[in-house]
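Me: I would like to go through a ligand site step by step. Please show me the structure.

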Amino acid sequence: MKATPHIDPQAPIAETILLPGDPLRAKFIAETYLEDAVQFNSVRNMLGFTGTYQGTPVSVMGSGMGIPSISLYSWELIHVFGCKKLIRIGSCGAMQPGVNLYDVVIGQAACSNSAFMDQYDLPGTYAPIASYRLIEAVRRRAEENGVTTHVGNILSSDTFYNADETFNERWQRMGILAVEMESAGLYATAAHAGVEALGMFTVSDSLVTGEATTAKERETAFTQMMELALPLAQI
Ligand code: HPA
């Protein structure tokens, strides 16, 4: 199979791929949730694996942090390796009261302070959105599993630390549910290629209350989210 600058596949890559930020998280997911998982990538230690979930092929690979990283990996996964359903699974910082630790946020749309969209040279602003089909499927599953979800607008920020102290407030004023750092790039890359994408996140900290989760607690919340994400391979 052909290689790209960032992916040198040693095994097939499935049409559905889960993208956690951390490559060791990808390894954990493959070992814990997939059957017959084999590693397909090790370039730059951005580990990728393919296995099956209830008989359906699924891949999982680290995306790295930030819009440039997830966008280049997703571009190669789509255009060179034929991925059609790309699902970011990560964590986010809550920006609204009522979005609580361990809830799952689904990024219906993703705003950004990134210049990534400039490349499309559109005469206005582009609104990167998730696949509605995938949103609906996750919501239905979450209801069945009794998991609290919030579907709405998120912020994919290029900055984790902001010099401007009013930065968060101004996004909060626009009803942004939560902040993370990747989905706008994933959504735009998928839209431009005509494939489906979704970002879902467990709330790891709150910018409203200042609360944060512990590593152990994050593990449990993460399992709940995996149980929402994996069945997406089957639709
Ligand atoms: N900011 C950006 N990304 C994040 C955060 C945050 O507070 N929490 C989890 N991912």
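This is a predicted model: local features need pLDDT of at least 70, side-chain atom pairs count only at pLDDT 80 or more; totals for chains, interfaces and linings use all residues.

Reply: Residues are numbered from 1 along each chain as its sequence is written, and side-chain values use heavy atoms, with hydrogens and water left out.

Me: Which polar side chain lies 2.9 Å from a nitrogen atom of the ligand?

Reply: A polar contact is a pair of N or O atoms within 3.5 Å. G93 has a backbone N or O atom 3.3 Å from a ligand nitrogen. The side chain with a polar atom 2.9 Å from a nitrogen of the ligand belongs to D205.

Me: How much of the ligand's accessible area does the protein cover?

Reply: Accessible areas come from the Shrake-Rupley method with a 1.4 Å probe. On its own, the ligand has 260 Å². The protein covers 86%.

Me: Which strand gives the most residues to the shell around the ligand?

Reply: Strands are DSSP runs (E, at least two residues), numbered from the N terminus. Strand 5 (85-94), strand 8 (178-180) and strand 9 (196-206) each supply at least two shell residues. With 3 residues, the top contributor is strand 5.

Me: How many shell residues are nonpolar?

Reply: Ala, Val, Leu, Ile, Met, Phe, Trp, Tyr, Cys and Pro count as nonpolar; Asp, Glu, Lys and Arg count as charged; the others, Gly among them, are polar. The shell has 2 charged and 3 polar residues. Its nonpolar residues number 5.

Methods
A polar contact is a pair of N or O atoms within 3.5 Å; within protein, one must be able to donate a hydrogen and the other to accept it, and residues adjacent in sequence count only if both atoms are side-chain atoms. Helices (H or I, at least four residues) and strands (E, at least two) are DSSP runs, numbered from the N terminus.
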